[in-house]
Amino acid sequence: MITIRQRRVGKSTDTAEDQPSEEKNVKPDGKILSDHTGGKLWNILSITVGGIVAISLGLLTSVYVATLHENDLWFSNIKEVEREISFRTECGLYYSYYKQMIQAASIQQGLHGLVYDNKTESVRTINILERMNVYQEVFLSILYRILPIQQYLEPVYFYIYTLFGLQAVYVIALFVTSWLLSGTWLSGLLTACWYITNRVDTTRVEFTIPLRENWALPFFAIQIAAITYLLRTHLQPLQERMTFTVVFIATFLFSLTWQFNQFMMLIQALALFILDCLDMLPTGKVTWLYIIQISGLMLVCVLQFFNSMILGSLLISFNASVLIARTIQKNLKKGGLLNRLGKLILHVLLVLCLTLLINKFIKKILSLESDEHIFKFLKAKFGFGATRDFDANLYLCEEAFGLLPLNTFSRLSETLLFYVYIFVLFLMAVAAVIVAFRNLSFCFFCLISGSNQVQFVEKMEDCTVTLKPDAAYNLIHTVLFGCLALSTMRMKYLWTSHMCVFASFGLCSTEVWKPILKGVHLYTSQRAHVIKYSIPIITLLYIAYKFWPGIMDELSELREFYDPDTVELMNWIKSNSPSTAVFAGSMQLLAGVKLCTGRTLTNHPHYEDKNLRERTKQIYQIYAKRSPEDVYRILRSFGTDYVILEDSICYERRHSRGCRLRDLLDIANGHIMDGLGENEPDLKPSLYPRFCEEIKKNLPSYTVYFTRVFQNKTFHVYKLAKHK
């Protein structure tokens, strides 16, 4: 078990968007007034100061999380094997490919070893670049090899500093998004401060460095910032083209670095679809965004050697269905309220049916089953029937895939973030409902008058309640990703970071304060500006007063990595087993075995492959009630030479009865679970005792197949006999 122990010591301004420049600073004869130059200089100064603040906060966040990582583990002082063990579970697996590329004789040999890999899954040769999103490790290893930094920087530091550097990019992108929405960089400052003070709920990069989401989320934030800018009105054609390019690059990099990219972008596509149906976004831009999503994902598909999970993704089916349905229903946005509602209902049904048909057709033609475990998990999670499926139950019993804990909201409330977020969300949601109803009800006036869409939007902006396209997109984005976070705790980091953006935008936006002040008959332009700046400043002062001492205490607390049992195991494997030996055990432990020793594995934590899932279930019979003959036969079928048993799994207490790994295996095998409690009626007692317990008694029926060669307080290693 990995533990952490105490170390033994030897003014803001707003941008031009808030001011109606097209009506001011111009004389009747068309000449520019003298104060226009001053206004431009002021805007340049504001952008410069805001940019410096954004970059500074990004770099400070990067240094902050890097310092926390060092203070928690004493990373600079521990041994190499301890550093590698600190990359737990799948993090260690991903980092092992970076290490493999660094240690290869040449870049070509390193790439060949990844494309024709026979050490990640025994008795199988797999293409790592196809199965896993590790192009970032490949790129970083090549960069390390060609740059003249080997004498000054160890490979592991080059890796972790890159990830911490991406945190700076992440915070800058969040800062810019909030700035674009509100028109003042004060909003970005508040966003960054909320992100840092709510670090427990906004990021986990300091202790899960190589995790795919830590690579992907900065690019996702850049994409959101670019979409926010793209949805502004009155952009020049060159600005639109450049922004579309940024969106495409960010979408591509996000898709390339995370295997769950398709599900995140599906939610994004749903947000675009909803807003387009309600006539709250320009249809042309939405169409291009659909195409960019498909193009980016298909380019990743090509780079991943036509990965089956991408080809069968719901995102491609959904976006294609929307584009097809649009072609069929050409007059979707014409007519009165009832007429349009009827067309919208038909449109939604058509898109859903087409999505299911296209997706089913693709999976049937290509025999795709890579993501079936995800849909089994979702079906069981949302109550569409109980399941005994081992893979689905494995996810259901993990806290990370459960509902978002209520204490999350209490932590977010301490910084005032949650209270402000709910306040802004309520006001913006009301505005969105009013605007959507108005769009559906009165669109025919636009058609009768013959005015174009831009003129119609300008007329709507004169109304008391308005909602700009960029704000509308971010509203639906935060709602949909909020629903995802509430249902699955692991996905909360997609929501909480955007929560910082959305809440700070609301506090610093005239769009929020103007209707409130008008509602109580107190609105003046000066009063609205005073409120939009004073309240954020007061909030920042409160955050600084309450959390600055805690952050300083956190940075001064020194701890040390401490896991002697795992270190002893890894050292024994390297010293006492052949380099070609095959090891079986839990997915999490074997990822560390591959990274620290380079030995061949039977299974690993990257679960997006049906054959691997079946293999893992078979390997895990070492913790089930099976005969020694059965276990031996299963392990030898995968070429196993050594099997590692963990007491923390065999005698697990972390989960309640019914969710322990041994319980999941018993249920899947049709056996009664251990301990007091109810069992389903058709479960029967096993004919054999639990293997991981019985093997330790050294009975002849076990020693004929298994010989114990290593033991400490946590692990037991057995060598398999070579005879049949």
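Mentor: Let us start with a charge over a ring, defined as NZ of Lys or CZ of Arg within 6 Å of the ring centre and within 35 degrees of the ring normal. Here lysine 518 lies over the face of tyrosine 523, at 5.3 Å from the ring centre. Arginine 212 is placed over the face of tyrosine 94, at 3.9 Å from the ring centre. The model is predicted, so local features need pLDDT of at least 70 and side-chain atom pairs count only at pLDDT 80 or more, whereas totals for chains, interfaces and linings use all residues. Residues are numbered from 1 along each chain as its sequence is written, and side-chain values use heavy atoms, with hydrogens and water left out.

Trainee: How many aromatic pairs does a search of the whole structure find?

Mentor: Rings of Phe, Tyr and Trp (its six-membered ring) pair if their centres lie within 6.5 Å; planes under 30 degrees apart count as stacked, over 60 as edge-to-face and the rest as tilted. The search finds 35 such pairs. One of them joins phenylalanine 244 and tryptophan 288, which are tilted at 6.2 Å centre to centre with 50° between the planes. This pair links distant parts of the chain, 44 residues apart: phenylalanine 244 is in helix H11 (residues 237-257) and tryptophan 288 in helix H13 (residues 283-303). Helices (H or I, at least four residues) and strands (E, at least two) are DSSP runs, numbered from the N terminus.

Trainee: Is phenylalanine 244 buried or exposed?

Mentor: Buried means under 20% relative accessible area, exposed over 50%, and partly exposed in between (1.4 Å probe, protein chains only). Phenylalanine 244 counts as buried because its relative accessibility is 14%. By contrast, phenylalanine 361 is exposed because its relative accessible area is 56%; this residue lies in helix H16 (residues 337-366).

Trainee: In what order do the strands of the open sheet run?

Mentor: Two strands pair if DSSP finds at least two bridges between them. In this model 5 strands form an open sheet in the order S4-S3-S5-S7-S6, with mixed pairing. Strand S4 (600-601) and strand S6 (706-711) are the edge strands, each pairing on one side only. S3 and S5 are parallel, over 2 bridges, while S5 and S7 run antiparallel and are joined by 5 bridges. Within these pairings, alanine 584 has valine 643 in S5 as its bridge partner, and tyrosine 642 has lysine 719 in S7.

Trainee: How many residues of S5 are buried?

Mentor: S5 is mostly covered, with 5 of its 5 residues buried. Tyr642, Ile644 and Glu646 point one way from the strand, and Val643 and Leu645 the other way.

Trainee: How far apart do the C-alpha centres of domain 1 and domain 2 lie?

Mentor: Domain bounds come from an automatic or database domain assignment, which gives domain 1 (161-555) and domain 2 (564-720). Their C-alpha centres lie 42 Å apart. Taking contact as heavy atoms within 4.5 Å, 15 residues of domain 1 are in contact with 21 residues of domain 2.
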